[in-house]
Amino acid sequence: MAEYDPQRIESKWQRVWEEKGVFRASDGDSARQKYYVLEMLPYPSGTLHMGHMRNYTIGDAVARFKRMRGYNVLHPIGWDAFGLPAENAAIKRGIAPREWTNANIAQMKAVCRRFGFSYDWQREISTCEPDYYRWNQWFFLRMLERGLAYRKRSRVNWCPQCQTVLANEQVIDGFCWQHDATPVEAKEIEQWFLATTKFADDLLESIPRLEGGWPERVLRMQENWIGKSRGARVKFAVESANTTLEVFTTRIDTIYGATALVIAAGHAKLDELLEGVQGRAAMDAQIKSMLQRSTKAADIATAEKEGFFTGRFAVNPFSGDKMPIWVGNFVLAEYGTGAVMCVPAHDQRDFEFAKEYRLAIKVVVQPVSGERLNAERMAEAYTEYGRLENSGEYSGLGSEEAIGKMAADAEAGSFGRAETTYRLKDWGVSRQRYWGTPIPVVHCAIDGIVAVPDNELPVRLPENVTITGQGQSPLASVPEWLNTTCPKCGGPARRETDTMDTFVDSSWYFYRYTDPRNSSAPFDKAIAAYWFPIDQYIGGVEHAILHLIYSRFFCKVMNDLGLVNHREPVTRLFSQGMVLKDGAKMSKSKGNIVGAIDIAEKYGCDTGRLYTLFAAPPEKDLEWSEQGIEGSARFLNRLFRLIDKHGPRLKTVASQTAANAGAATPKEKLLVRRLHQTLKRVTEDFETRWHFNTSIALIMEMVNELVAQEPLDQNVTPATLKSVLEGLVLMLSPMAPHIAEELWEMLGHGDGVYSQKWPRYREDLAREEQIEVPVQVNGRVRARITVAAGVAEEDLKARAMSDSHVGPLIAGKQIVKVVVVPGKLVNVVVR
RNA sequence: GCGGAAGUGGCGGAAUUGGCAGACGCGCCAGCCUUAGGAGCUGGUGGCCGAAAGGCCGUAGGGGUUCGAGUCCCUUCUUCCGCACCA
């Protein structure tokens with residue numbers, strides 16, 4: 001009698017896999033179909049918790065399943081090693097970012113190995129290594145050459161106390177994370193941008209091609225993020241000034257209802273407008289205060305509506321109305337034209353602004369049906385389309401028609417035109433930080449901004465830099481690094497001290513896995529062409545927008561560069577749910593972590609894997625339960641005991657199904673049928689739905705059935721029993737691979753599960769002979785009848801009507817209809 | 001605020017195509033076994049009425065479509081996630 005000892009079994013089989021190199025992918029293998037399955041690369045925060053493990057366990061189950069199905073599987077892992085937390089550690093604990101990061105990587109790698117994930121470790125990458133980030137720089141230079149990388153002024157969060165730029169994360173309720181009495185200000189500085197908006201249409205138009213392979217919700221979120229909106233620009237003349245203000249609107253049909261113009265505090269023409277107006281000083285103070293607030297979108301959107309009248313007026317080009325010009329905090333300088341027409345009756349934000357500042361509300365669109373709107377009685381804006389009124393020659397038109405006609409008339413009158421805008425902004429990649437990829441340009445007094453030549457890459461990050469979290473960018477304080485010569489004129493120059501957003505690293509890393517040690521190119525085109533596109537990408541829904549849009553953008557740029565032959569990197573995306581503890585996302589900062597290593601030590605990693613797959617379908621959030629995992633541990637113990645009990649006498653027997661053996665006993669038929677029914681549904685779950693929780697439930701039911709059929713040494717031949725147990729073990733193996741290997745060996749096999757094929761499902765062996773069919777009367781179940789599986793519709797109907805429970809209920813009633821769903825149900829409708 | 005999801009027993013969840021609501025697991029209850037253990041085994045477990053047979057109610061709330069709705073439609077509510085410098 002052996003005991004299930006997960007620690008012993010797990011290290012034993014991990015050693016075997018490692019020695020035999022069974023998880024190595026083979027580049028360009030044309031004999032097998034390739035399958036590239038990838039989990040999003042982790043940030044090495046130091047702790048791997050069960051939230052991470054869920055992600056990798058899903059990917060690993062799929063990778064192992066696909067190998068059993070005969071695919072050449074690429075399943076790599078690496079580290080997203082640059083980023084803010086390493087600098088925070090340096091500030092708080094005086095550890096060098098590289099040292100901290102590498103220590104974390106070593107720790108996390110040990111955990112990944114402890115869990116036995118089937119990674120091809122030979123392809124491991126770490127983005128903070130020069131041989132990786134060198135290619136970030138290379139890509140940046142290619143974009144610079146094509147005008148896709150450029151500089152412009154933009155606003156950042158600034159802590160006046162630290163004298164440094166803050167990340168959004170470091171802004172807490174409008175205050176600096178280090179100084180909770182110091183309000184964060186906004187400051188405008190020159191930064192590098194990548195022109196993602198040049199690909200806005202491309203990114204949007206490819207979305208239909210991702211349909212089916214990507215989660216619906218991710219595609220909808222991306223569409224909204226790109227935010228294409230068709231509308232119109234309209235020019236308003238400013239009264240007694242030789243200038244105009246342009247607004248962007250999607251609802252030009254409501255323009256007769258505009259009762260003000262509202263412009264952003266950061267609008268370029270604001271200075272000019274305020275020239276010589278009364279009370280200028282007070283206005284400047286208000287503008288300054290509006291501009292100084294946090295740059296977070298959510299902060300801006302939820303702020304109280306605030307504004308002031310500039311003292312100037314504009315003229316509505318359609319109605320000729322004179323409209324006050326206001327400055328408002330809800331108008332964004334970066335979106336559209338930085339100015340809006342304020343139509344309180346037909347836009348909710350305008351409505352609120354008008355209520356606050358007592359601006360006129362003028363109804364110009366009436367609902368096509370229902371109660372007429374009355375400006376005095378409105379409690380909220382009417383934003384639907386409708387029929388125009390009080391709109392001059394356009395009165396009576398429907399909104400849709402009016403939008404087309406008014407845009408065309410604006411264009412004819414040279415005071416506007418139809419236009420499409422996007423909500424998507426260019427990607428700001430500059431970071432005034434140390435622990436990131438140096439942007440490979442120099443600033444020369446003579447030649448301006450000059451690219452570092454390819455053959456001088458990588459521009460290495462200097463080591464031994466003191467990180468204080470205060471003052472200017474840390475790189476500016478390293479003179480021997482900062483001061484260099486201009487590649488063009490040879491004169492003195494200064495290096496760019498901004499580093500890149502770490503999203504750059506993660507936008508193309510999956511290509512590097514195909515050819516991770518290449519020192520002359522980011523990757524070999526032919527090898528990447530073999531593996532790409534990624535067949536299955538798996539990650540958290542929190543990456544639904546940024547990472548995945550940036551990755552798609554990079555792919556399109558790489559396609560234009562001729563590096564890849566496709567324009568979308570990922571065929572199928574799976575967004576797994578979060579792992580929650582006490583109702584909140586597991587995270588180090590909240591302190592609600594269930595450490596992966598603790599689980600492995602307490603229960604073994606197979607139990608940890610099984611539980612994360614069993615507790616919820618993978619796309620849903622999972623609430624961690626310490627009691628729940630006990631159930632998974634019990635199940636594996638139970639299975640181990642079952643096979644330990646029967647294994648010894650089956651070891652030397654050749655397996656054979658009952659059907660192949662000829663005369664089968666009812667018990668054999670039952671067991672074989674149960675195996676094939678389970679196999680059918682588990683295979684389907686793996687191929688299509690990925691509902692591992694139901695797969696495991698089915699396997700549990702099968703084990704329960706086997707135990708219920710004890711004694712299994714009676715009325716079952718050892719050959720049949722062995723085949724049933726083998727099927728069971730193979731089905732479980734992608735999810736709990738170590739115990740599966742052990743059980744496989746206990747059944748007498750010298751070769752590993754890792755070299756086995758997925759068992760073949762046979763319809764004829766799965767078929768039931770008898771089925772139970774519920775019979776309803778007026779939609780309520782009144783009886784259940786047992787009939788032969790292939791029973792004819794008429795016979796089923798007759799059996800149902802004559803059933804002893806059903807008969808009395810329908811006797812003497814008028815039978816309206818009888819619904820027969822073959823094999824499913826009978827419903828007798830009576831009156 | 002904008003955008004995206006999700007609401008089913010005491011709990012995690014199942015019901016794949018509109019067809020038996022609650023599979024499987026946790027917890028709980030009762031019993032068995034025992035070298036007394038947080039082990040194993042057997043049975044029970046949505047609510048209400050009933051001795052039972054059985055009946056009625058029940059998938060966040062309200063309304064609708066249908067022979068039939070957890071599933072489809074309308075509407076209200078609640079919770080969670082993202083919002084561009086966290087990764």
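What follows is a short chat about the predicted model.

Trainee: How many residues surround RNA strand B?

Mentor: Go by heavy atoms within 4 Å of the strand. The closest residues include Asp80, Asn168 and Arg784. By class, the surface near RNA strand B splits into 26 nonpolar, 18 polar and 20 charged residues.

Trainee: Which helix gives the most to the surface near RNA strand B?

Mentor: Look at residues 626–650, a helix that puts in 7 residues. The top contributor to that surface is helix H21.

Trainee: How far is the polar side-chain atom of arginine 782 from a phosphate oxygen of RNA strand B?

Mentor: On the base side, a backbone N or O atom of serine 430 sits 3.4 Å from a base nitrogen. On the phosphate side, arginine 431 has a polar side-chain atom 3.2 Å from a phosphate oxygen. For arginine 782, the distance to a phosphate oxygen is 2.9 Å.

Trainee: Are H24 and H25 roughly parallel or antiparallel to each other, and why?

Mentor: Their axes come within 11 Å and cross at roughly 155 degrees. Angles over 145 count as roughly antiparallel. So H24 and H25 are roughly antiparallel.

Trainee: What classes of residue make up the contact of H24 with H25?

Mentor: H24 brings Ile699, Met702, Val703 and Leu706, and the H25 side includes Leu721, Val724 and Met731. No polar and no charged residues take part; the contact has 10 residues that are nonpolar.

Methods. Residues are numbered from 1 along each chain as its sequence is written. Chains are lettered from A and ligands numbered from 1 in the order in which they are written. This is a predicted model: local features need pLDDT of at least 70, side-chain atom pairs count only at pLDDT 80 or more; totals for chains, interfaces and linings use all residues. Side-chain values use heavy atoms; hydrogens and water are left out. A polar contact is a pair of N or O atoms within 3.5 Å; within protein, one must be able to donate a hydrogen and the other to accept it, and residues adjacent in sequence count only if both atoms are side-chain atoms. Helices (H or I, at least four residues) and strands (E, at least two) are DSSP runs, numbered from the N terminus. Ala, Val, Leu, Ile, Met, Phe, Trp, Tyr, Cys and Pro count as nonpolar, Asp, Glu, Lys and Arg as charged, and the others, Gly among them, as polar. Axes are lines fitted to C-alpha atoms, for helices over the stretch in contact, and angles run from 0 to 180 degrees between N-to-C directions. Angles under 35 degrees count as roughly parallel, over 145 as roughly antiparallel, 65 to 115 as roughly perpendicular and the rest as oblique. Contact means heavy atoms within 4.5 Å.
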